[in-house]
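Let's take a walk through this protein, from the whole fold down to a few rings. Keep the 3D view open while you read.

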Amino acid sequence: MKTAIVYYSRRGGNWFDGKVVQLEVGNTELLSSYLKEVTGGDLFSLQMKHPYSDDYDICVNEAKEDQINHVLPELREIPDLSIYDEIYLGYPIFWEDLPQPVISFLSSVDLSGKRIYPFSTHEGSGLGASVSHIKELQPQAEVLSPLPFPGSLVNKGYNRMKNWVEKNQKQ
């Protein structure tokens with residue numbers, strides 16, 4: 001099986017372990033790098049044409065406004081996933097759901113017949129409604145075994161990610 005790792009991540013100001021910190025590498029990006037090492041899959045970063053601010057408070061307002069108004073931000077590039085069987089889809093949780101850039105991606109591609117393994121970073125909300133939202137946006141894909149991951153623990157998360165992948169490969 002050919003594997004792709006598609007993720008949306010935020011650098012800059014992030015809520016991390018109870019406070020705002022500046023991250024040079026976003027939490028979901030770090031987990032995605034672990035996945036690349038474990039699976040050997042191809043890595044695709046979802047980038048907005050007009051990214052949210054690096055300032056945490058401004059970003060929160062921008063992202064919340066997009067969510068309330070159902071804005072689908074334009075992405076710089078939509079990866080061609082036609083040759084892939086397995087898609088590991090990574091994202092931070094925004095208000096207990098997918099971030100709008102991930103919804104933009106899922107609304108732009110057809111992943112019918114593919115296996116999607118969602119993994120999310122969060123600071124207490126778990127997966128929220130994100131998995132059901134993926135199933136709604138990609139009804140012909142098989143959505144399997146999600147992994148919610150506390151963002152403040154990603155630096156120590158390599159083994160947990162590796163165990164999750166190994167469990168997935170036995171399915």
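## Contacts and overall build

Two residues are in contact when they have heavy atoms within 4.5 Å. Among contacts here between residues at least 6 apart in sequence, 80% join residues at least 24 apart.

Before going on, note that this is a predicted model, where local features need pLDDT of at least 70, side-chain atom pairs count only at pLDDT 80 or more, and totals for chains, interfaces and linings use all residues. Residues are numbered from 1 along each chain as its sequence is written, and side-chain values use heavy atoms, with hydrogens and water left out.

The protein has five helices and eight strands; these are DSSP runs numbered from the N terminus, with helices being H or I of at least four residues and strands E of at least two. Starting at the N terminus, the order is β-β-β-α-β-α-β-α-β-α-β-β-α.

How does the size work out? The C-alpha atoms fill a box of roughly 40 × 35 × 25 Å along the principal axes.

Of the 171 residues, 50% count as buried. Buried means under 20% relative accessible area, exposed means over 50%, and partly exposed is in between (1.4 Å probe, protein chains only).

K36 sits in helix α1, residues 27-39. K36 has a relative accessible area of 36%, so it is partly exposed. Setting aside residues up to four places away in sequence, K36 touches I5, G41 and L43.

## Aromatic rings

Which rings pair up? Rings of Phe, Tyr and Trp (its six-membered ring) pair if their centres lie within 6.5 Å; planes under 30 degrees apart are stacked, over 60 edge-to-face, and the rest tilted. The whole structure holds nine aromatic pairs. One of them is F44 with Y84, edge-to-face at 5.8 Å centre to centre and 85 degrees between the planes. This pair links distant parts of the chain, 40 residues apart: F44 is in strand β4 (residues 42-45), and Y84 is in the loop between α2 (56-68) and β5 (86-92). F44 is partly exposed at 22%, while Y84 is buried at 5%.

Y88 and W164 also form an edge-to-face pair, with 5.4 Å between centres and 75 degrees between planes. Y88 lies in strand β5 and W164 in helix α5 (residues 158-169), 76 residues apart. Both are buried, and Y88, Y117, F119 and W164 form one aromatic cluster.
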